[in-house]
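Hi everyone, thanks for coming along. Today I'd like to walk you through a protein model, one part at a time. Please keep the picture in view while I talk.

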Amino acid sequence: MKISYNSYSDIRSALEGGAMNGIAELHESIFGGSDDLAGSMREKKGLRIDVAIHEKRIVGYKIGYALNPEQFYSWLGGVDKVYRNYGIASCLMKRQHQYAENSAIK
């Protein structure tokens with residue numbers, strides 16, 4: 001199975017890249033509701049969104065944001081139940097950690 005990964009630095013780029021619909025659908029299927037996920041994301045400064053994609057479909061996501069210049073909070077994430085146990089969540093977390101390490105957030 002070929003999984004590709006993409007990252008977005010804010011909700012606008014995720015919307016323009018077409019990822020937000022897939023993230024919202026996946027979030028709702030995992031957690032049973034979206035609770036205005038996009039609205040909550042808009043409130044976060046220093047947002048980072050990582051997604052896993054299989055055949056043009058978002059099958060996993062990890063969202064975090066900067067609490068301050070020195071701290072990054074790993075906020076939300078999930079993987080479609082069909083795609084679990086393939087290391088997708090681990091890969092998304094590693095990408096998020098790498099981002100935090102390579103950015104001003106230390």
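I'll go through the sheet, then the core, then some aromatic rings, and finish with a few loop residues. One thing to keep in mind is that this is a predicted model.

Let's start with the sheet. Strands of a sheet pair through backbone hydrogen bonds, either parallel or antiparallel. Here we have an open sheet of 4 strands, and the pairing is antiparallel. Reading across, the order is E1-E2-E3-E4. Which strands stand at the edges? They are strand E1, residues 4–8, and strand E4, residues 71–79. Each has a single partner strand, so one side of each is left without a neighbour in the sheet. From one strand to the next, the twist averages 15°.

Now look at E3 and E4. These two run antiparallel and are joined by 8 bridges.

On to the core. How many residues does the largest nonpolar core have? The count is 18. Those with the most contacts inside this core are Ile 23, Met 41, Leu 47, Ile 49, Val 51, Tyr 61 and Ile 63. Several elements contribute: helices H1 (11–16), H2 (19–31) and H3 (37–42), along with strands E2 (48–54) and E3 (57–68), each supply at least two residues of this core. There is also another core apart from this one, with 7 residues, among them Ile 3, Ala 52, Val 79 and Leu 92.

If we leave aside neighbours within four places in sequence, the residues in contact with Ile 49 include Tyr 8, Ile 11, Ala 14, Ile 23, Met 41 and Ile 63. Asn 6, Ser 7, Asp 10 and Lys 62 are also in contact with Ile 49.

Next, the aromatic rings. A pair of aromatic rings is described by the distance of the centres and the angle of the planes. Searching the whole structure gives 3 aromatic pairs. One of them is formed by Tyr 65 and Trp 75, and this pair is edge-to-face, with 5.8 Å centre to centre and 80° between the planes. Tyr 65 lies in strand E3 and Trp 75 in strand E4, so the pair ties together parts that are 10 residues apart in sequence. Are these two buried or exposed? Tyr 65 counts as buried, because its relative accessibility is 14%. Trp 75, at 21%, counts as partly exposed.

Now back to Phe 72, as promised. Phe 72 and Tyr 99 form another edge-to-face pair, at 5.7 Å centre to centre with 70° between the planes. This pair links distant parts of the chain, 27 residues apart: Phe 72 is in strand E4, while Tyr 99 is in helix H4, residues 88–102. Phe 72 counts as buried at 19% relative accessibility, whereas Tyr 99 counts as partly exposed at 25%.

There is also a cluster: ring pairs link Tyr 65, Tyr 73 and Trp 75. Tyr 73 is found in strand E4 and is partly exposed at 37% relative accessibility. Not counting residues up to four places away in sequence, Tyr 73 touches Ile 63, Gly 64, Tyr 65 and Leu 67.

Finally, the loops. Asp 80 lies in the loop between E4 and H4. Why does Asp 80 count as buried? Its relative accessibility is 9%, and the cut-off for buried is under 20%. Leaving out residues up to four places away in sequence, Asp 80 touches Leu 26, Ile 30, Arg 57 and Val 59.

Most residues other than glycine have a negative phi. Glu 55, in the loop between E2 and E3, has a positive phi of about 50° and counts as exposed at 69% relative accessibility. Asn 85, in the loop between E4 and H4, has a positive phi near 70° and counts as exposed at 81%.

That's my tour, and I'm happy to take questions.

How values were computed: Residues are numbered from 1 along each chain as its sequence is written. This is a predicted model: local features need pLDDT of at least 70, side-chain atom pairs count only at pLDDT 80 or more; totals for chains, interfaces and linings use all residues. Side-chain values use heavy atoms; hydrogens and water are left out. A nonpolar core is a set of buried Ala, Val, Leu, Ile, Met, Phe, Trp, Tyr and Cys residues joined through side-chain atoms within 4.5 Å. Buried means under 20% relative accessible area, exposed over 50%, partly exposed in between (1.4 Å probe, protein chains only). Contact means heavy atoms within 4.5 Å. Two strands pair if DSSP finds at least two bridges between them. Axes are lines fitted to C-alpha atoms, for helices over the stretch in contact, and angles run from 0 to 180 degrees between N-to-C directions. Rings of Phe, Tyr and Trp (its six-membered ring) pair if their centres lie within 6.5 Å; planes under 30 degrees apart count as stacked, over 60 as edge-to-face and the rest as tilted.
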